[in-house]
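Here are a few exercises to work through with the model open beside you. Try each task before reading its solution.

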Amino acid sequence: MTIWEKRTKPSQHAYAVVTGAGSGIGRSFALELARRGGTVVCADINYSAAEQTVALIRTKYQTAAFAVQCDVGCAEQVQTLAEQAEQLMGHPTTLLINNAGVGLGGKFDELSLEDWQWCMQVNLWGVIHGCHYFVPKFKQQGFGAIINVASAAGFTAAPEMTAYNVTKSSVLSLSETLSAELRNAHIRINVLCPTLVPTNIMKNGRLPQHYSGLADHLLMNHAFINSEQVAMQTLDRLDANKLYTIPQPDAKLFWWMKRAAPSLYVKLLGMGYPFFQKYVK
């Protein structure tokens, strides 16, 4: 593809880095990028999980893919990832997907500061680190694209998810700001804000038992969009130069309710909280 084609359809034949690529949405992004002819560096804190994604890519699509161990909460490791990715692919990175994340739930006064720091380090600083080390490279080459995986939690303000909500709303704000700031540098931004998607974030997160149990119940008994569909839709919207990807109907409903009547939305949320507490116990 020409440089112009890579600018207009960045998901096609990309040289991509995907964090949290060992499972869930991250793995689906990596596989879909490979299907679209891309070369993919699959980064994950769990190296064996990243290797499994690479094996799937090579088996299904016979295209180049590489596994890298990376803790996105560590700036030095993300810096190394940015440098190593270019060496492994033999080409500058053209697309970064900041997907790695963790789940954290619980009442505000029951969360420890260590819990807050853990959640912030991965969900927010992980995205900041990725943008910090890749944006200068994209500026230097004259184009690039970033997908930041936030969550509908970034605007729904669900009770008992304070720290998680704060990190995801920050990722949403960061993405909006970067979109405005980097537009003239031909760096495209998309921010993904899903509700529940079957991933390992519930299993590997720090969630009260009643909260994770509710999530499992919803995922088992309702026809939610799967991670493959989320990845496809997000990449298509990136190619269409859309800033937001809000894939599910419930996420769209909350999005518009919050914007149409923000004060009323928060008031209704507070009024409904006691019923929520009874339901999950």
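## Exercise 1: a residue in a helix

Start with Q121, which lies in helix α5; helices here are DSSP runs of H or I with at least four residues, strands are runs of E with at least two, and both are numbered from the N terminus. This is a predicted model, so local features need pLDDT of at least 70 and side-chain atom pairs count only at pLDDT 80 or more, while totals for chains, interfaces and linings use all residues. Residues are numbered from 1 along each chain as its sequence is written, and side-chain values use heavy atoms, with hydrogens and water left out.

**Task.** Decide whether Q121 is buried, partly exposed or exposed, and list what Q121 is in contact with beyond four places in sequence.

**Solution.** 
- Step 1: apply the cut-offs, where buried is under 20% relative accessible area, exposed is over 50% and partly exposed is in between, using a 1.4 Å probe and protein chains only.
- Step 2: Q121 has a relative accessible area of 35%, so it is partly exposed.
- Step 3: with contact meaning heavy atoms within 4.5 Å, the partners of Q121 are G73, G126 and H129.
- Step 4: V72 is 49 residues away from Q121 along the chain, yet their C-alpha atoms are separated by 8.1 Å.

## Exercise 2: two helix pairs

**Task.** Describe how α5 packs with α6 and with α8.

**Solution.** 
- Step 1: two packed helices are described by the angle between their axes and the distance between the axes. Axes are lines fitted to C-alpha atoms, for helices over the stretch in contact, and angles run from 0 to 180 degrees between N-to-C directions.
- Step 2: the axes of α5 and α6 cross at roughly 30° and come within 3 Å. These two helices are therefore roughly parallel, a label for angles under 35 degrees.
- Step 3: M120, Q121, V122 and N123 of α5 meet W125, G126, V127 and H129 of α6.
- Step 4: α5 (residues 113–123) packs against α8 at about 25°, with the axes 9 Å apart. That makes this pair roughly parallel too.
- Step 5: on the α5 side, W116, C119, M120 and N123 make the contact with α8; on the α8 side, the residues are T162, A163, Y164, V166, T167, K168 and V171.

## Exercise 3: a loop residue

**Task.** Where does A152 sit, and what is A152 in contact with beyond four places in sequence?

**Solution.** 
- Step 1: A152 is in the loop between β5 (144–149) and α7 (153–156).
- Step 2: with a relative accessible area of 2%, A152 is buried.
- Step 3: the contacts of A152 are C193, P194, T195 and A251.
- Step 4: the C-alpha atoms of A152 and Q248 are 9.6 Å apart, across 96 residues of chain.

## Exercise 4: the whole protein

**Task.** How many helices and strands does the protein have, and what share of its residues is buried?

**Solution.** 
- Step 1: there are 13 helices and seven strands.
- Step 2: of the 281 residues, 49% are buried.

Notes:
Parallel < 35°, antiparallel > 145°, perpendicular 65-115°, else oblique.
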